[in-house]
Amino acid sequence: VHCMKKFIPIILMMFLLTSCGDKLVAKVGDTKITQSEFAFYLNSIKEQMQGTELKTDTDWENQEIEGKKAIEIAKERALDIAVKNALYTEASKAKGIQLGVDEKITVERMKTQIVESYGNRQEYENYLKNNNITDKFMDKMIESSAYQSMMYDEIAETSPITEEDMQSYYSENKKELDSRYRKAKHILILTTEPETGIPL
């Protein structure tokens, strides 16, 4: 992630927040993020943040988390993820990274799993229509994940992080890192989607 900063100057990034219609929310290089696509990310973030105190739109508008409205935090996180997804693709193109045969097979497999998670192709297409997003957008998200993995692999190969690097970073950021650490006796992680059985 640190190395990604080197690619940002190559990429034109602008934000055009809007309030009506399926207009442009952000543009990263040639990749456009529409309001409907942003809504998809926002709904995903809201589902992750959902708690007993965040049930209605009023709750999202009124409840505060560390001094900020819950909905504002959700929007910030949604925009951050949307831009990063676009950035992985644009930065990969700028560096000449292309999806190989193995990556394309992985992308196709992921797409099949997503379609099947909705039951069948028709239900999947109904979901896209009801949320005003396109099949092409879903493909972009999946490909972004593949590009992200490829970029991380390249960075790990060309600029590996040594034990000394990690120790130095910890020493320089010890106070901040310690404040984020939490002790846990057990950590439970889902390995399959409860409703579909698809491996996560």
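Me: Is threonine 31 buried or exposed?

Reply: A residue counts as buried under 20% relative accessible area. In this predicted model, threonine 31 has 13% relative accessibility, so it counts as buried.

Me: Where is threonine 31 found?

Reply: Threonine 31 is in strand β3, which covers residues 31-34.

Me: Which residues is threonine 31 in contact with, leaving aside its neighbours within four places in sequence?

Reply: There are Ala26, Ala86, Glu90 and Lys140. With glutamate 90 there is a polar contact, side chain to side chain, at 2.7 Å.

Me: Now the helices. How are two packed helices described?

Reply: By the angle between their axes and the distance between the axes. Take α4 (residues 101-117) and α6 (residues 135-158): the angle is about 135°, and the axes are 10 Å apart. That angle makes α4 oblique to α6. Their crossing is right-handed.

Me: Which residues in α4 meet α6?

Reply: On the α4 side they are Glu103, Val107, Met110, Lys111 and Ile114. Their partners in α6 include Asp135, Met138, Ile142 and Met150. Sorted by class, this contact has seven nonpolar, five charged and one polar residue.

Me: How many helices and strands does the protein have?

Reply: Eight helices and five strands. Along the sequence the pattern reads β-β-β-α-α-β-β-α-α-α-α-α-α.

Me: What share of the 200 residues is buried?

Reply: Buried residues make up 28%.

Me: And what share of contacts joins residues 24 or more positions apart?

Reply: Count the contacts with a separation of 6 or more; residues 24 or more positions apart account for 55% of them.

Note on methods
Residues numbered from 1 in each chain as written. Predicted model: local features only at pLDDT ≥ 70, side-chain atom pairs only at ≥ 80, totals over all residues. Heavy atoms only, no water. Axes fitted to C-alpha atoms, helices over the stretch in contact; angles between N-to-C directions. Helix = DSSP H or I, 4+ residues; strand = E, 2+ residues; numbered from the N terminus. Parallel < 35°, antiparallel > 145°, perpendicular 65-115°, else oblique. Left-handed = near helix turned anticlockwise from the far one by under 90°. Contact = heavy atoms within 4.5 Å. Nonpolar A, V, L, I, M, F, W, Y, C, P; charged D, E, K, R; others polar. Buried < 20%, exposed > 50% of the residue type's maximum accessible area, 1.4 Å probe, protein only. Polar contact = N/O pair within 3.5 Å; in protein donor to acceptor, adjacent residues only side chain to side chain.
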